[in-house]
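These entries record what I looked up in one structure, from the whole chain down to single residues. I kept them in the order in which I checked each topic.

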Amino acid sequence: MLLEEAVSSGPVFFSLAPWIVFFPLIGLLINIFFGGIILERSKSGEKIVGSIASGASGLSFVVAVLQAISLISHPEGQIVTLADWITIGDLSIPWAFQVDTLSVVMMLVVSGVGTLIHIYAIGYMHEDVRHNGDPGRFRRFFVFMNLFIAAMMILVSGDNYMMLFVGWEGVGLCSYLLIGFWYEKGKDGIGNALAAKKAMVTNRIGDFGFLLAAFAMFWTFGTFNFHAIFEKAPEIAAINPNILLFITLCMLVGVTGKSAQLPLYVWLPDAMAGPTPVSALIHAATMVTAGVYLVARMSGLYLHAPEASALVAAVGAATAFFAATIAIAQNDIKKVLAYSTVSQLGFMFAALGVGAYGVAIFHVFTHAFFKACLFLGAGSVIHALSGEQDIRKMGGLARKIPLTFATFLVATAAIAGIPPLAGFFSKDEILWFTFASARGGSPLLWAVLATTALLTAFYMFRLLWLVFLGRSRVAPDVAHHVHESPWSMTGVLVVLAVLSAVGGFIAVPHFLEPLLPLPAIVESRHHFEKPLLVVSVLIAATGIAAAALFFGGDAKRAAAVGERFAGLRRVLANKYYIDELYEAAIGRPLHWISEYVFLRLSDRALIDGTLHALAAAARGGAALFSRVQTGSLQLYVFLVLAGAVASLLWIWRHV
């Protein structure tokens, strides 16, 4: 009894919740107003600017930890209202922070991994801004990074759909700014700018579905507040289940954009145009998991829309397998990791679709560690090779950058599902629930994901072999200056590698279970749990063995298979020609309509033509009446008299 009282009366820090947003905002404002002066007047200006941004993110992490501590003694959480935001008639939307187990897990991931990546970026961007010839952009980078942390915190902590939408659009803006950070670089000098535009446009398509869901939600429930919606959901499901199906399907369109699922995944691989810390933070560990968070947060609706949940699972499984097959044939180190991210997001969506919401968030949690470690490890490799990203021009780097290799190895083993590393626990849970969940689990779904897990182990160890092992294929002019990255970068890699190793022992699903209970298991499938666990490990081992067989030594077997199946290899290397298909089916017709219908016909012919005609009529009228202005007094007198006579005649006839 005394122990229970002590726990229930533990420290409460819920009132500090708004500071998870305030600290990053303060950091970016300091760098906006004073960062330029600091860079100009101090030799350590870059370290100071980077430390301000990292400190702001770190303080946000401290607040997130305090929220987690508060939940231990008060697991029910709390709504912290900062201010009234929108009041229109009976509609009232406060700016309020929801502190519960789900939001706090996401806060910890975003701010914790975000802080590590900020620290890493200090060393990375020091070289990157000089390599690209513009040291002045160092400050801008960290302003954008702090802005992203603030927007992501708004997204995961809002207690209503509209506040979440502000964060949703905010992270989209930051993604655009950071993908196009070197906007004048890339193919033909505009490649990076086009990649940023592609991300923005693709996500706007998804956001159309997001907004449709918002409008339908308000029309149905009369509110945007999560708790009020979930309380009314059972009643609405009994009266009109189709409206819940419509809302959840529209929401699915939104999350396929943000979380890069079929068919709106195409922006994410191109987003690798941004600096590597951006790829790690936004396009691997945090922003792309926003869609997973949204579906988990709205689980109160998806539980009443089984058809939508089934589609979520199908989209996730299809995306996971599809992206994994593409990753096998990529030669850009960051593109391999990009398609790996798309594939892993597919695993998360499959878990969501079978009602294992807590397990999906568990994979978000572990994936943030090992994928951030992989991306930052790739950044360390690129840093060592003076910007080279083609894995065909690497090899034998383990001896020259051993710390980067060791951390990359741990993260690669984690994503492959090797026990007892973090990825093993979360991926195995996903495989189990996609097989046995009473909310849509099936052997077919398990088979697709198990095959994908095999491919994951294969392509990740292919990457490891081609980059770090075997003979060196590094160009001679680059090989002589290959060096390990500074401690500000490798230290972060070590921390992330440790988290990739032990993160699976943190019982995230258990922590989330009061809010996101795990689905029931089909009774007849209970006895498959241990055999499937063994199969999961064997799958990972098989993938690794296959990679070693094909790419070990001089990789002759891989080359021979590639020549034998040259057509298939070409299709995979060109990503099934999906980009070309979208360009032919959507891009070119839209360009034609924009050029010939909206620009030439509507804008130039109708709008400009009408305005030009009015201007011409005015000029013609002016020219006609100007002839009257002859300067002759006799003519003016005659015209006045003629006007007077005409007026008198009109009056005589009509009065």
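**Entry 1. Whole chain.** I began with the secondary structure of the protein chain, which comes to 27 helices and two strands. The model is a predicted one. I noted the extent of the C-alpha trace along its principal axes as about 110 × 70 × 55 Å. Of the 655 residues, 52% count as buried. I then looked at contacts with a separation of 6 or more, and residues 24 or more positions apart account for 81% of them.

**Entry 2. H4 against H16.** At what angle do helix H4 and helix H16 pack? I read about 5 degrees for H4 (residues 101-131) and H16 (residues 357-384), with the axes 10 Å apart. An angle under 35 degrees counts as roughly parallel, and H4 is therefore roughly parallel to H16. By class, the residues of this contact divide into 16 nonpolar, three polar and one charged. From H4 I listed contact residues including Leu-102, Val-105, Met-106, Val-109 and Val-113, and also Tyr-120, Tyr-124 and Glu-127. The residues they meet in H16 include Ile-361, Val-364, Phe-365, Ala-368 and Phe-369, with Gly-379, Ser-380 and His-383 also among them.

**Entry 3. H9 against H12.** In H9 the residues are Met-251, Val-255 and Lys-258, and in H12 they meet Ala-290, Gly-291, Leu-294 and Val-295.

**Entry 4. Helix H2.** I checked the length of H2 (residues 19-41) against expectation. Its 23 residues reach 30 Å from the first C-alpha to the last, close to the 33 Å expected at 1.5 Å a residue. Where does H2 bend? I found a bend of about 60 degrees at Phe-34. The buried residues of H2 are Ile-20, Val-21, Pro-24, Gly-27, Leu-28, Asn-31, Gly-35 and Ile-38.

**Entry 5. Helix H8.** I repeated the length check on H8 (residues 226-239). The 14 residues should span 20 Å at 1.5 Å a residue, and the end C-alpha atoms are 20 Å apart, so the two values agree. H8 bends by about 45 degrees at Ala-233, and Pro-234 follows within four residues.

**Entry 6. Ser-54.** Is Ser-54 buried or exposed? Ser-54 counts as buried because its relative accessibility is 8%, where the cut-off is under 20%. I placed Ser-54 in helix H3 (residues 45-73). Leaving out residues up to four places away in sequence, I found that Ser-54 touches Thr-115, His-118, Ile-119 and Ile-122. I also looked up Gly-114, which is 60 residues from Ser-54 along the chain, and the C-alpha atoms of the two are separated by 8.4 Å.

Entry 7. As background, most residues other than glycine have a negative phi, and most peptide bonds are trans. Which peptide bond at Pro-263 is cis? I found that the bond from Leu-262 to Pro-263 is cis, with omega near 0 degrees. Pro-420 lies in the loop between helix H17 (402-416) and helix H18 (422-436).

I then turned to positive phi values. Asp-188 has phi near 60 degrees and sits in the loop between helix H6 (161-179) and helix H7 (191-221). Asp-188 counts as exposed because its relative accessibility is 69%. Phi of Tyr-576 is near 60 degrees, and this residue is in the loop between helix H25 (566-573) and helix H26 (578-626). At 31% relative accessibility, I recorded Tyr-576 as partly exposed.

How values were computed: Residues numbered from 1 in each chain as written. Predicted model: local features only at pLDDT ≥ 70, side-chain atom pairs only at ≥ 80, totals over all residues. Heavy atoms only, no water. Axes fitted to C-alpha atoms, helices over the stretch in contact; angles between N-to-C directions. Parallel < 35°, antiparallel > 145°, perpendicular 65-115°, else oblique. Contact = heavy atoms within 4.5 Å. Nonpolar A, V, L, I, M, F, W, Y, C, P; charged D, E, K, R; others polar. Buried < 20%, exposed > 50% of the residue type's maximum accessible area, 1.4 Å probe, protein only. Expected span 1.5 Å × (residues − 1). Bend = angle between axes of the 7 residues up to and from the residue.
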